[in-house]
Amino acid sequence: MKYDMLLLRYGEITLKGKNRGRFENAVISHIRSVLKDFPKAKIRKEYGRLYVELNGEDRNS
């Protein structure tokens, strides 16, 4: 099975105010470092969720 997108949810973690943006930016930075070998992959942020669009990248690489 080939996936087009990964859904990452962090809704269980309750953050309010200025801490939320800081946490989200830290998570996105970490995900980018993990995905450095997948240059086509893109991260899209929505409230409480991150979508990683694989854009044809092979997840088994």
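I take buried to mean under 20% relative accessible area. The model I am reading is predicted.

**Entry 1, overall fold.** Along the sequence they follow the pattern β-α-β-β. I noted that buried residues make up 23% of the 61 residues. The chain exposes about 5000 Å², with carbon and sulfur atoms supplying 51% of it.

I listed the largest nonpolar core, which has nine residues: Tyr-10, Ile-28, Ile-31, Leu-35, Phe-38, Ala-41, Leu-50, Val-52 and Leu-54. Helix H1 (18-34) and strand E3 (49-53) are the elements that give two or more residues to this core. I then checked Tyr-10 and left aside its neighbours within four places in sequence; its contacts include Phe-23, Glu-24, Lys-45 and Leu-50.

Glu-24 lies in helix H1 and Lys-45 in strand E2 (residues 42-46), so the pair links distant parts of the chain, 21 residues apart. Is Glu-24 buried or exposed? Its relative accessibility is 7%, therefore I count Glu-24 as buried. Lys-45, at 42%, is partly exposed.

I record Arg-44, Glu-46 and Glu-53 as a linked network of salt bridges. Arg-44 is partly exposed at 34% relative accessibility, Glu-46 is partly exposed at 37%, and Glu-53 is partly exposed at 23%.

Conventions. Residues are numbered from 1 along each chain as its sequence is written. This is a predicted model: local features need pLDDT of at least 70, side-chain atom pairs count only at pLDDT 80 or more; totals for chains, interfaces and linings use all residues. Side-chain values use heavy atoms; hydrogens and water are left out. A nonpolar core is a set of buried Ala, Val, Leu, Ile, Met, Phe, Trp, Tyr and Cys residues joined through side-chain atoms within 4.5 Å. Buried means under 20% relative accessible area, exposed over 50%, partly exposed in between (1.4 Å probe, protein chains only). Helices (H or I, at least four residues) and strands (E, at least two) are DSSP runs, numbered from the N terminus. Contact means heavy atoms within 4.5 Å. Accessible areas come from the Shrake-Rupley method with a 1.4 Å probe; for residues, only the protein chains shown count as cover. A salt bridge is a side-chain nitrogen of Lys or Arg within 4 Å of a carboxyl oxygen of Asp or Glu.
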